[in-house]
Amino acid sequence: MDPVDLPATATGLPLAWSSLPLGRVGGATVKVLRMGALPLEPERHEDAEALLVLDGRLELDVEGRAVSVGPGELYLVPAGAVHAVRPGSAGTLVIVERDGD
């Protein structure tokens with residue numbers, strides 16, 4: 001596999017919050033996406049997921065607590081935690097999650 005320019009790849013996606021799987025590591029998928037300013041509905045996953053902000057900011061609500069993740073920061077959403085994207089997110093996000101989530 002050749003190196004991937006993550007911000008350029010995310011910018012080329014047709015819609016905000018649509019992800020592009022880049023590959024698999026063990027039983028997990030690595031995805032890149034372009035964040036958008038609108039909120040997203042709450043969700044819950046059986047396993048933890050890793051959220052890495054490359055640029056911009058990710059605004060989350062995790063189990064009723066506001067979490068702001070900035071450039072170069074990683075946030076691990078605990079397994080089973082209800083989480084939702086709050087308004088105001090923008091930039092490039094890498095997600096690592098177990099296959100099937």
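Contact, in this tour, means heavy atoms within 4.5 Å. The model on display is predicted.

**Stop 1: Proline 71**

Select proline 71, which sits in the loop between E4 and strand E5 (74–77). Which residues does proline 71 touch, if those up to four places away in sequence are not counted? Show Val53, Leu54, Asp55, Gly56 and Arg57, for these are its contacts.

**Stop 2**

Now select strand E3 (residues 49–62) together with strand E4 (residues 65–69). These strands run antiparallel, and five bridges join them.

Move along to the turn, where two residues separate E3 from E4 in the hairpin. Select glutamate 63, in the loop between the two strands. Its phi is positive, about 55°, although the residue is not a glycine. Is glutamate 63 buried or exposed? It is exposed, because its relative accessible area is 53%, and the cut-off for that class is over 50%.

**Stop 2: Tryptophan 17**

For another positive phi, select tryptophan 17. The value here is near 70°, again in a residue other than glycine. Tryptophan 17 belongs to the loop between helix H1 (6–11) and E1.

**Stop 3: Salt bridges**

The structure holds four salt bridges, and this stop visits some of them. In general, side chains of opposite charge can pair when their charged atoms come close.

Begin with aspartate 99 and arginine 24, whose closest N and O atoms are 2.4 Å apart. This pair links distant parts of the chain: aspartate 99 is in the segment after strand E7 (90–98), arginine 24 is in strand E1 (residues 19–25), and 75 residues separate them. Aspartate 99 counts as partly exposed, at 24% relative accessibility, whereas arginine 24 is exposed, at 58%.

Continue with lysine 31 and glutamate 97, which form a salt bridge with closest N and O atoms 2.5 Å apart. Here strand E2 (residues 28–35), which holds lysine 31, is linked to strand E7, which holds glutamate 97; the two residues are 66 apart in the chain.

Then select arginine 98 and aspartate 47. The closest N and O atoms of this salt bridge are 1.9 Å apart. Arginine 98 lies in strand E7 and aspartate 47 in the loop between E2 and E3, so the pair ties together parts that are 51 residues apart in sequence. Arginine 98 is partly exposed, at 35% relative accessibility, and aspartate 47 is also partly exposed, at 25%.

**Stop 4: Glutamate 49**

Select glutamate 49, found in strand E3.

Glutamate 49 does have polar contacts. One joins its side chain to that of histidine 83, at 2.8 Å. Another, of 3.4 Å, joins its side chain to that of histidine 45. To see the surroundings, display the residues that glutamate 49 touches beyond four places in sequence: Glu43, Tyr75, Leu76, Val77, His83, Ile95, Val96 and Glu97.

**Stop 5: Histidine 45**

Finish at histidine 45, located in the loop between E2 and E3. At 11% relative accessibility, histidine 45 counts as buried. Its side chain makes a polar contact of 3.2 Å with the side chain of glutamate 43. With glutamate 49 still selected, the 3.4 Å contact between the side chains of glutamate 49 and histidine 45 can be shown in the view too.

Notes:
Residues are numbered from 1 along each chain as its sequence is written. This is a predicted model: local features need pLDDT of at least 70, side-chain atom pairs count only at pLDDT 80 or more; totals for chains, interfaces and linings use all residues. Side-chain values use heavy atoms; hydrogens and water are left out. Two strands pair if DSSP finds at least two bridges between them. Helices (H or I, at least four residues) and strands (E, at least two) are DSSP runs, numbered from the N terminus. A salt bridge is a side-chain nitrogen of Lys or Arg within 4 Å of a carboxyl oxygen of Asp or Glu. Buried means under 20% relative accessible area, exposed over 50%, partly exposed in between (1.4 Å probe, protein chains only). A polar contact is a pair of N or O atoms within 3.5 Å; within protein, one must be able to donate a hydrogen and the other to accept it, and residues adjacent in sequence count only if both atoms are side-chain atoms.
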